[in-house]
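Subject: Structure handover

Hello,

Here is the structure I promised to pass on. Please open it first, then read my notes below.

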Amino acid sequence: MSPEMRAIACVAMLVTASEANSQFSLRRTVPVPADANACKVTCQRFGFQVLEKWKPEFTGLTDPTVCCKKCDEAFAGEAKTKIQQVMQVGVAPAMTAGECKTICHRFGMKSLGPKFSSITNPVECAKQCDVEHA
């Protein structure tokens with residue numbers, strides 16, 4: 001084998017080996033979405049083809065909004081986020097004052113329970129968080 005052919009063969013083997021372990025590989029498999037939020041991120045990035053390989057309900061979708069609704073349907077039985085749990089139960093789980101203030105500044109006072117439901121100002125709500133979670 002000539003030195004040129006040997007060099008070409010080495011380069012071809014190197015490219016093949018590096019492409020197999022690369023995150024930029026064209027043959028890389030995309031993981032199944034872990035939750036509804038990850039599914040919606042894929043929708044917003046126009047990853048409909050990836051999702052249709054996962055579930056046939058996503059076949060033929062071209063609109064991210066419709067895709068997001070399908071994600072909600074696909075993950076309907078999943079565990080809810082902390083704020084969704086609070087809104088469903090009506091009682092705030094144990095949280096820090098910082099977490100409480102974050103909810104206040106997102107105008108989620110009603111989700112924090114009866115002591116917060118009449119408050120409409122985020123600053124007043126944050127003061128109540130200091131009292132409740134001191």
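From the N terminus on, the order of elements is α-α-α-α-α-α-α. That makes seven helices and zero strands in the chain. Bear in mind that this is a predicted model. The chain has 134 residues, and 24% of them are buried.

Two helix pairs are worth a look.

Start with α2 (residues 36–44) and α4 (residues 64–74). Their axes lie 9 Å apart, and the packing angle is about 160 degrees. Angles over 145 degrees count as roughly antiparallel, so that is the label for α2 and α4. The crossing of α2 past α4 is right-handed.

Then take α6 (residues 97–105) and α7 (residues 122–132). Here too the angle is about 160 degrees, with 9 Å between the axes. α6 and α7 are therefore roughly antiparallel to each other. They make a right-handed crossing.

Next, the loops.

R45 sits in the loop between α2 and α3, where α3 covers 48–54. Is R45 buried or exposed? It is exposed, at 67% relative accessible area; the cut-off for that class is over 50%. P64 falls within the α4 range, residues 64–74.

F46 is in the loop between α2 and α3 as well. What is its phi? It is positive, at about 55 degrees, and F46 is not a glycine. With a relative accessible area of 56%, F46 counts as exposed.

F107 belongs to the loop between α6 and α7. Its phi is positive too, at about 60 degrees, and again the residue is not a glycine. F107 has 57% relative accessibility, so it is classed as exposed.

Last, the surface near the start of the chain.

Which residues form a nonpolar patch there? They are M1, M5 and I8. M5 is part of helix α1, which spans residues 3–21. Its relative accessibility is 47%, so M5 is partly exposed. Exposed would need over 50%, and buried would need under 20%.

Best wishes

Conventions: Residues are numbered from 1 along each chain as its sequence is written. This is a predicted model: local features need pLDDT of at least 70, side-chain atom pairs count only at pLDDT 80 or more; totals for chains, interfaces and linings use all residues. Side-chain values use heavy atoms; hydrogens and water are left out. Patches are made of residues with over 30% relative accessible area and no salt bridge: like charges are joined within 9 Å, nonpolar side chains (Val, Leu, Ile, Met, Phe, Trp, Tyr) within 5 Å. Accessible areas come from the Shrake-Rupley method with a 1.4 Å probe; for residues, only the protein chains shown count as cover. A salt bridge is a side-chain nitrogen of Lys or Arg within 4 Å of a carboxyl oxygen of Asp or Glu. Helices (H or I, at least four residues) and strands (E, at least two) are DSSP runs, numbered from the N terminus. Buried means under 20% relative accessible area, exposed over 50%, partly exposed in between (1.4 Å probe, protein chains only). Axes are lines fitted to C-alpha atoms, for helices over the stretch in contact, and angles run from 0 to 180 degrees between N-to-C directions. Angles under 35 degrees count as roughly parallel, over 145 as roughly antiparallel, 65 to 115 as roughly perpendicular and the rest as oblique. A crossing is left-handed if the near helix is turned anticlockwise from the far one by less than a right angle, and right-handed if clockwise.
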